[in-house]
Amino acid sequence: MRPTRVLWSRLSLAGFLAAFAVVIDRPLPLAGAVLVGAWVLASQYSFLAALERTTRRLSITRGLPSATVRAGESTPIPIDATLADPTPLSLEIDAGLPTAARADRDAATLTLEPDATAATTTVSVTWPVVGRHRFDAARVTATDGRFVETVATGERPTVSVESRGPRRLHVGEGGDRLASPYGAHALRRSGRGIEPAEIREHVPGDAAKRIDWKATARFATPHVREYETETTRRTLLVVDHGRSLSTGPPAATKLEYLREVMLATADRAQELDDPLGLVAVDDGGVTSRLEPAATAGTYAAVRRELLAVEPTPSDLTTRRAAEQPSRAPTQAADGGRAEPALSIHERPTRATARRSVRDLEGDADPFAEMLRPFYAASQRYRRLARDRVLFDAVETTLAASSSTSWVVIFTDDADPAALRETVSMARANDAAVTVFLAPTVLYEPGGLADIERATDRYREFEALRRDLARLDRVRAFEVGPGDRLATVLEAGRKRGDRR
């Protein structure tokens with residue numbers, strides 16, 4: 001609490017009277033000094049009591065359009081101050097904007113004159129820094145003309161500032177927008193669960209463990225029993241952020257467009273209390289893995305990871321090769337070069353494994369002859385696990401979890417064969433699959449310069465998307481800039497193309 005100039009003048013008067021009483025040796029001026037002192041003490045008590053009542057009855061609200069805003073955008077924030085009863089004090093209220101916010105600080109200050117009960121203003125705030133920002137407590141400076149005191153009061157809301165995303169986001173099928181929310185699902189659905197729902201004939205892609213052998217024996221053909229699952233759905237987001245996802249102008253790359261859908265899907269899972277997990281892969285392998293869970297910490301961690309993923313750096317392969325330790329080759333008995341000796345704790349390299357397979361395939365030994373068909377049948381899957389990190393990441397994750405019921409893949413059309421195999425493998429693991437695909441033709445600089453060629457390339461992409469969508473328990477959607485897609489579709493219509 002600080003005295004104002006008015007109070008200082010009163011205190012000076014009291015001091016003067018006391019000094020004057022001593023000089024003239026008369027009690028009357030001293031009595032005047034005592035009266036002034038008593039008045040100051042009474043004024044102080046009255047001010048503190050009024051301040052306590054005012055802060056208890058004062059309500060300050062700082063409204064946000066949403067808990068999440070875009071970096072660089074201007075957000076109007078209404079600030080309201082209301083009193084349940086009039087106060088004899090004059091109030092100046094500082095809204096307590098975060099330090100990182102850019103705004104006219106004077107405009108974020110309210111004034112309540114004595115006997116007034118409400119004041120309001122709106123301040124335009126720009127958020128240049130990405131991250132989570134907390135408001136300071138509102139600072140209320142009160143005065144009665146004699147004393148001044150500043151107190152902090154009110155809640156401290158938080159705002160999450162995200163990087164500026166792409167504009168005119170389109171998510172749909174063959175140019176038609178997706179109408180329902182990305183993560184919506186029915187509260188009861190068929191799949192793994194406890195309550196029996198129906199028996200149906202086995203179709204390619206159904207896992208063998210789902211076959212109902214009693215029904216199969218009764219009908220003489222393989223049948224599968226469906227169950228009603230719980231009202232929540234375990235969701236696994238599979239995020240591909242390889243180098244090809246960097247295609248596109250700054251802040252409007254494939255990954256940036258897909259990130260918008262990732263965040264919306266994660267938000268929807270949180271709204272529905274669905275357990276949510278994440279697997280992120282780049283060109284070098286898995287970069288992040290979070291097991292599905294329906295906790296506030298998991299939802300926040302998934303969101304942080306989605307905001308942080310970036311495409312594989314162009315120098316990743318060179319850098320990783322340089323980080324590998326070199327091994328000196330040993331000398332073979334015949335004087336030639338031999339393979340490096342491996343300790344019992346070392347895993348064989350892929351090159352060593354490939355040489356072992358080639359040696360086996362070329363061996364005429366009867367044992368090798370017996371094993372050769374097995375290696376021939378598994379060659380395709382060995383190649384996928386070695387060269388296609390998306391396939392390997394999904395396979396490993398599903399193998400480790402027996403309860404993931406929905407796999408959501410975010411990638412592009414750079415490797416259609418690997419994508420098809422990944423989706424088929426996920427279905428074989430009894431998972432429903434949704435694929436969000438970024439068509440390369442909509443992102444490449446100058447990709448629409450030859451509009452006829454662009455139309456042909458989009459038709460190839462659409463054929464891939466439809467092939468995936470025809471699979472049982474699979475949905476596939478395109479994600480891209482709506483204006484560029486509209487240009488391609490219009491050119492196709494003029495050519496007489498049919499989707």
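**Entry 1: the annotated segment.** I began with the UniProt record, an unreviewed entry, whose annotation "transmembrane region" covers residues 31–51. UniProt positions are given in the numbering used here, feature names are shortened, and annotations may be inferred rather than shown by experiment. In the model I found residues 31–51 to be 100% helix and 0% strand, with the end C-alpha atoms 30 Å apart. Helices (H or I, at least four residues) and strands (E, at least two) are DSSP runs, numbered from the N terminus.

**Entry 2: basis and confidence.** I noted that this is a predicted model, in which local features need pLDDT of at least 70 and side-chain atom pairs count only at pLDDT 80 or more, while totals for chains, interfaces and linings use all residues. Residues are numbered from 1 along each chain as its sequence is written, and side-chain values use heavy atoms, with hydrogens and water left out. The pLDDT, the predictor's confidence in each residue from 0 to 100, averages 77 over the chain, and 77% of the residues score at least 70. I recorded that pLDDT is below 50 over residues 317–355, a stretch with 25 contacts beyond near neighbours in sequence; a contact means heavy atoms within 4.5 Å.

**Entry 3: the whole chain.** I counted twelve helices and 22 strands. Of the 499 residues, 38% count as buried, where buried means under 20% relative accessible area, exposed over 50%, and partly exposed in between (1.4 Å probe, protein chains only). Among contacts between residues at least 6 apart in sequence, 72% join residues at least 24 apart.

**Entry 4: nonpolar cores.** I looked next at the nonpolar cores, each a set of buried Ala, Val, Leu, Ile, Met, Phe, Trp, Tyr and Cys residues joined through side-chain atoms within 4.5 Å. The largest has 60 residues, of which Leu237, Leu306, Phe410 and Phe436 touch the most other members. Helix H4 (residues 254–271) gives this core its largest share, eight residues. A second, separate core of 34 residues includes Val69, Leu112, Val123 and Val159.

**Entry 5: aromatic pairs.** Rings of Phe, Tyr and Trp (its six-membered ring) pair if their centres lie within 6.5 Å; planes under 30 degrees apart count as stacked, over 60 as edge-to-face and the rest as tilted. I found five aromatic pairs by this rule. Phe410 and Phe436 have ring centres 5.3 Å apart and planes at 10°, so they are stacked. This pair links distant parts of the chain, as Phe410 is in strand S20 (residues 406–412) and Phe436, 26 residues away, in strand S21 (residues 432–438).

**Entry 6: helix H10.** I checked the length of H10 (residues 416–428): its 13 residues should span 18 Å at 1.5 Å a residue, and its end C-alpha atoms are 18 Å apart, which agrees. The expected span is 1.5 Å times one less than the number of residues. Among the buried residues of H10 are Leu419, Val423 and Met425. Their cover includes helix H9 (389–400), S20, S21, H11 and strand S22 (474–481). Just after H10, Asp430 takes a positive phi of about 70°.

**Entry 7: Glu155.** I placed Glu155 in the loop between strand S10 (147–153) and strand S11 (158–162). Glu155 is exposed, with a relative accessible area of 69%.
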